[in-house]
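Please read it alongside the sequence and structure shown here.

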Amino acid sequence: MKPDFDLAIIGSGFGGSLLAMVARRIGLSVILLERATHPRFAIGESTSPLANLLIEQLAERYDLPRLKALASWGEWQRAYPEVIGGLKRGFTYFKHEAGKPYRAAADRANQLLVAASPNDETADSHWLRSSVDQFLLKEATALGAEYLDQTWLHSVEWRADGIAELKGERLGESVRVAARLVVDAGGPRGFLSRQLNLPETTFVGYPPTQSLFSHFAGVRRSDEMPDYAVSDAPPYPMDDAAVHHVFDDGWMWVLRFNNGVTSAGVATTDELANELRLAEGEPAWRRFLSRFPSIAAQFAGAEAIREFTWQPRVTYRATEAAGRNWAMLPSAAAFVDPLFSTGIPLTLLGIERLGRILLESFGGNELSERLHEYGAVTLAEADHTAHFIGACYAAFPRFENFTAYSMFYFAAASYSEMARRLDRGHLVTRFLAADRLAFAASLREFGNELRVPGDGADPTAFARRIAAAVDGLNVAGLCNPQKRNWYAVDLEDVAAGAAKFGLTASEVREAMCAI
Ligand SMILES: Cc1cc2nc3c(=O)[nH]c(=O)nc-3n(C[C@H](O)[C@H](O)[C@H](O)COP(=O)(O)OP(=O)(O)OC[C@H]3O[C@@H](n4cnc5c(N)ncnc54)[C@H](O)[C@@H]3O)c2cc1C
């Protein structure tokens, strides 16, 4: 029997649709199988510089010019004003103490602002996923991907010739699809995990966490509230960012879209989640707000415009992420936490890798081996990310330690972005610089130090040691105490770090001008 399609993709979130677009440009026949209908709500909204650069590079590599506009805020707004998103100039953090209003400390020790772009034009974005995912699905189908929505898959079986047979039903009719390769893009605990009986594992040393979130209207901007007032001009408007309200047992995200809607939610340790009884939804949200007066004031006039979603367990890790003629996108293989917006770039890295495999090895004898390697890298990156974020949870009660440790993320992210922009991508190929061995080992060692209960180390010395550990990748002027936790984008910092790319300062300046 001949297969109906080269590639069957389960799930049409942005990940499934983007992979379908790439596969179509490679010349494969593709079907997207979706159990819901678009537009539909999805969480996972805040992008990052690396995510947008990956989109730009996928658009260039696979000749997808219509995709490229999504990679920077200005171009997006001109090209697709009807696709809803939000401006993200950086990462904003405020540390709150239960029962007390927030007030910026004179030395700004209880906040951190890291700019991700020098202006609105080139800025990152938050994606209103119902809108962005629908847009990408239309792009995928315009490129010739077949699409079946409202399709409930029941089983998959691989025949002796390696072809997968997927069976399910759609609107009372049975559906049968035969494909050479199946990719699960359905998110955590998905179809292939269940069908292949892959047990769920945990991340070693990671605290159990829960989440509660919704979309809201009427959320005040913190930069218009006296609680968050600062005496100097910040590196970017503080709310045109992923705003993080950090507290001892977790954190909250606030992401604004340009249609008046704001996404907000909390991720907390089980201890606090159980105390707040997050499972109860809105009443738990109100209990949470009542602990933190300045967050409550920000949400005083706000109204949830959809039901609350409670996630009893935020993390997920499958035991395998790929095998013979099947693979999971990183988002189906594992998830850690929304902190630092790692989900979208990890998914895009997976699409980039799968794209290369499809281009170079689809139909070849080496396909299985390359998929196996892809699966191992996917899970190793998830573990590395989980080690980092787990340590951030341990650091939350001592915010100075969190700001110091967060420099591992900001150094790795800015170095990775710049290395790719400067055509030096081979210098760092894994997420969070997991392949820069000394850097990655330090990330783990400092993380272990943070996990020691009651660690009373001097935070200034801790920050100084971290500055030394990240120095090899620090091309963004990070870890500078004189900046008092406000980091603007300055391309001269990249030029000053030119040797870290094996370039001279003038070569970096020249390359940056050409971009
Ligand atoms: C609370 C929370 C907040 C997050 N915030 C961020 C963030 O700010 N930034 C960030 O980078 N990442 C974030 N993430 C991660 C982000 O959500 C994921 O990386 C992203 O959604 C992955 O996109 P996707 O298209 O691969 O999958 P999804 O968005 O999960 O889409 C999966 C699609 O598959 C469909 N589907 C599922 N199962 C089946 C099936 N059996 N058959 C057919 N169809 C199926 C679903 O209906 C859906 O349309 C967050 C995650 C969580 C849990």
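Just after H5, Gly 144 takes a positive phi of about 105 degrees. The model is predicted, and local features need pLDDT of at least 70, side-chain atom pairs count only at pLDDT 80 or more, while totals for chains, interfaces and linings use all residues. Residues are numbered from 1 along each chain as its sequence is written, and side-chain values use heavy atoms, with hydrogens and water left out.

Helices (H or I, at least four residues) and strands (E, at least two) are DSSP runs, numbered from the N terminus. Helix H5, residues 129–142, has 14 residues and spans 19 Å from its first C-alpha to its last, close to the 20 Å expected at 1.5 Å a residue, where the expected span is 1.5 Å times one less than the number of residues. Its buried residues (under 20% relative accessible area with a 1.4 Å probe, protein chains only; exposed is over 50%, partly exposed in between) include Arg 129, Asp 133, Phe 135 and Leu 136. The buried residues of H5 pack against helices H1 (14–26), H3 (65–68) and H4 (73–79), and against strands S2 (30–33), S6 (124–127) and S7 (146–148), contact meaning heavy atoms within 4.5 Å.

Arg 129 belongs to helix H5 and counts as buried because its relative accessible area is 8%. Leaving aside neighbours within four places in sequence, Arg 129 is in contact with residues including Gly 13, Phe 14, Arg 40 and Gln 134. A polar atom of the Arg 129 side chain lies 3.0 Å from the backbone oxygen of Gly 44; a polar contact is a pair of N or O atoms within 3.5 Å, and within protein one must be able to donate a hydrogen and the other to accept it, while residues adjacent in sequence count only if both atoms are side-chain atoms.

| Residue and its atom | Ligand atom | Distance |
|---|---|---|
| Glu 34, polar side-chain atom | oxygen | 2.6 Å |
| Ser 46, backbone N or O atom | nitrogen | 2.9 Å |
| Ile 344, polar backbone atom | oxygen | 2.6 Å |

The protein covers 91% of the 1000 Å² of accessible area that the ligand has on its own, as computed by the Shrake-Rupley method with a 1.4 Å probe.

Most residues other than glycine have a negative phi, and most peptide bonds are trans. The peptide bond from His 38 to Pro 39 is cis, with omega near -5 degrees, and Pro 39 is found in the loop between S2 and helix H2 (49–61). Asp 423, in the loop between H13 and helix H14 (437–451), has a positive phi near 60 degrees.
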